[in-house]
Amino acid sequence: MTETQTVFSEFDPTRVPSPCYVIDLATLEGNLRVLRRIADDADVRVLLALKAFACFEVAAIIDTYLDGTAASGLWEARLGHDRFAGEVHAYLPGLKPDDMEEIQTYSNHLIFNSLNQWERFAPHLSASAGCKCGLRINPRHSEVEIAAYDPCAVWSRLGILAQDLSTDMLGQITGFHVHALCDQGYEPFDRLLAATESRFGHLFGDINWINLGGGQLLTDREYPVERLTDRLRAFRQRWGLQVYLEPGTAVALNAGALVTEVVDTGWNDGHFAVMDASATCHMPDVIEAPYTPDLLGAVRLDPITEPAEQDDRVFRLGGPTCLAGDIIGTYRFEDNPKTGDRLIILDQAYYTMVKSTTFNGTQLPAIALWNSRTDELSVIREFAYDTFESRLG
Ligand SMILES: Cc1ncc(COP(=O)(O)O)c(C=O)c1O
């Protein structure tokens with residue numbers, strides 16, 4: 001059994017409404033401890049990338065361990081400022097003049113995506129806000145195979161290439177930001193850092209901080225934390241820069257599940273089950289990435305598995321929407337799902353709540369906080385019709 005399977009096998013899914021995102025505070029805190037250890041051992045600062053996980057009800061725990069938040073939009077910056085403690089680093093590829101004044105009131109660090117944006121907005125910096133300004137750099141070093149997740153792919157709009165940047169352009173710029181990994185381990189990070197040093201190192205004497213982004217599974221049990229902290233310490237010694245990391249996934253890795261109920265089952269070319277949770281509305285990465293999430297008590301099958309007529313235990317689970325492709329995955333069950341059964345989809349804390357939609361008028365999952373150590377549970381939010389209606393007119 002994987003880590004989340006072990007933890008959530010103790011959870012009774014009938015204790016919450018369905019569908020419901022359930023966050024395990026004990027696993028979350030375990031992840032945060034690992035991140036604090038990295039921060040302390042390497043003498044770097046670690047921020048939560050709000051784009052992945054922004055449940056401010058757990059801000060008190062996050063604030064205890066991390067140094068602040070990283071925002072990708074005006075509202076994330078406001079959430080970081082209003083609901084979390086510590087520094088707020090804002091990087092908005094599409095910053096607009098109307099947002100410039102407000103974003104400075106929330107942010108300690110403001111990172112510009114292009115030289116155009118920097119030149120356009122530098123005159124509008126407020127001395128009293130005192131934001132430290134940085135540039136996103138693009139080392140053109142690809143470690144991610146899927147282009148949609150590779151900020152260094154050809155024709156990328158994310159960040160400035162080394163050939164376009166020189167010391168005389170830096171002016172009030174005090175730092176750089178680089179992010180080019182996705183769900184990766186130490187070696188890709190090491191190679192990315194080496195490429196960044198080799199392409200931009202000649203400019204490091206002109207800045208005093210660097211944000212090395214997210215995209216590493218720092219809290220995975222297999223991740224070699226000591227190799228990372230050694231590398232970061234050596235980097236700091238060589239260049240004398242304050243280093244930031246901004247993980248998202250790693251903060252909430254294995255710390256959440258989505259409880260869902262079987263609404264109907266049947267047989268067309270094979271067994272299907274209609275669930276009250278939707279891939280497209282509640283777990284969009286299942287379709288976008290794509291990937292098949294783990295399901296407690298069932299074996300995940302290859303996404304292209306054709307319905308197995310002879311296999312009575314294989315079911316394809318889909319959402320309640322009209323989208324034919326709203327498929328959660330195909331699984332082999334020990335006990336076949338029946339209408340009314342509750343199932344637990346694993347590892348659904350990150351890039352889920354932040355991305356959920358009400359497409360088709362589908363209800364948003366409730367949110368519950370559970371502590372797998374003490375078994376304490378509280379349902380902190382249930383959504384009503386007004387959440388759907390208020391965005392439509
Ligand atoms: C600029 C930036 N920082 C941090 C992250 C967080 O990455 P992850 O959630 O993979 O750790 C992302 C993810 O896309 C990102 O684009």
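The structure is a predicted model, in which local features need pLDDT of at least 70 and side-chain atom pairs count only at pLDDT 80 or more, whereas totals for chains, interfaces and linings use all residues. Residues are numbered from 1 along each chain as its sequence is written, and side-chain values use heavy atoms, with hydrogens and water left out.

R15 belongs to the loop between α1 and β1, the helices (H or I, at least four residues) and strands (E, at least two) being DSSP runs numbered from the N terminus. When residues up to four places away in sequence are not counted, R15 touches W370, D375 and L377, a contact being defined by heavy atoms within 4.5 Å. R15 and P290 are separated by 275 residues in sequence and by 30 Å in space, C-alpha to C-alpha.

The domain assignment divides the protein into domain 1 (3-22 + 255-389) and domain 2 (43-252), with bounds that come from an automatic or database domain assignment. The C-alpha centres of domain 1 and domain 2 are 33 Å apart, and the contact takes 14 residues from domain 1 and 13 residues from domain 2.

The largest nonpolar core contains 101 residues, of which F53, L135, L165, F176 and L317 touch the most other members; such a core is a set of buried Ala, Val, Leu, Ile, Met, Phe, Trp, Tyr and Cys residues joined through side-chain atoms within 4.5 Å. Helix α2 (residues 25-42) gives the most to this core, contributing seven residues. Because domain 1 (3-22 + 255-389) and domain 2 (43-252) both give residues to this core, it lies between them. A second, separate core has 13 residues, including F11, V16, V259 and I344. In soluble globular proteins, nonpolar side chains tend to be buried together.

Within the largest core, L165 is one of the residues that touch the most other members, and, with neighbours within four places in sequence left aside, L165 is in contact with L115, L135, I137, I160, L170, F176, F200 and L203. L258, in strand β11 (residues 256-267), is buried, with a relative accessible area of 0%. Leaving aside neighbours within four places in sequence, the contacts of L258 are P19, C20, Y21, A277, H282, M283, L343, I344, I345, Q348 and P365. L258 and T167 are 91 residues apart in sequence, and their C-alpha atoms are 49 Å apart in space.

The second largest pocket has a volume of about 1,100 Å³. Grid points are joined across faces, edges and corners, and the volume is the space filled by probe spheres set on the points. The second largest pocket is lined by 27 residues, with A54, F56, M353, V354 and F383 lying nearest its centre. Helix α4 (74-83) and strand β18 (377-381) each supply at least two residues of this lining, and the largest share, five residues, comes from α4. By class, the lining comprises 17 nonpolar, four polar and six charged residues, where Ala, Val, Leu, Ile, Met, Phe, Trp, Tyr, Cys and Pro count as nonpolar, Asp, Glu, Lys and Arg as charged, and the others, Gly among them, as polar. Domain 1 and domain 2 each provide at least three residues of the lining of the second largest pocket.

Several backbone features fall in loops. A cis peptide bond, with omega of about -5 degrees, joins S18 and P19, and P19 lies in the loop between α1 (3-8) and β1 (20-24). The peptide bond from A289 to P290 is also cis, with omega near -20 degrees, and P290 is found in the loop between α11 (285-288) and β13 (298-300). D43, although not a glycine, has a positive phi of about 55 degrees; D43 lies in the loop between α2 and β2 (45-49) and counts as partly exposed at 46% relative accessibility.

Notes
On a 1 Å grid over the protein atoms alone, a cavity is a set of points where a 1.4 Å probe fits but cannot get out, and a pocket is an open set with protein on both sides within 12 Å along at least five of seven lines; lining residues have an atom within 4 Å of a point. Buried means under 20% relative accessible area, exposed over 50%, partly exposed in between (1.4 Å probe, protein chains only).
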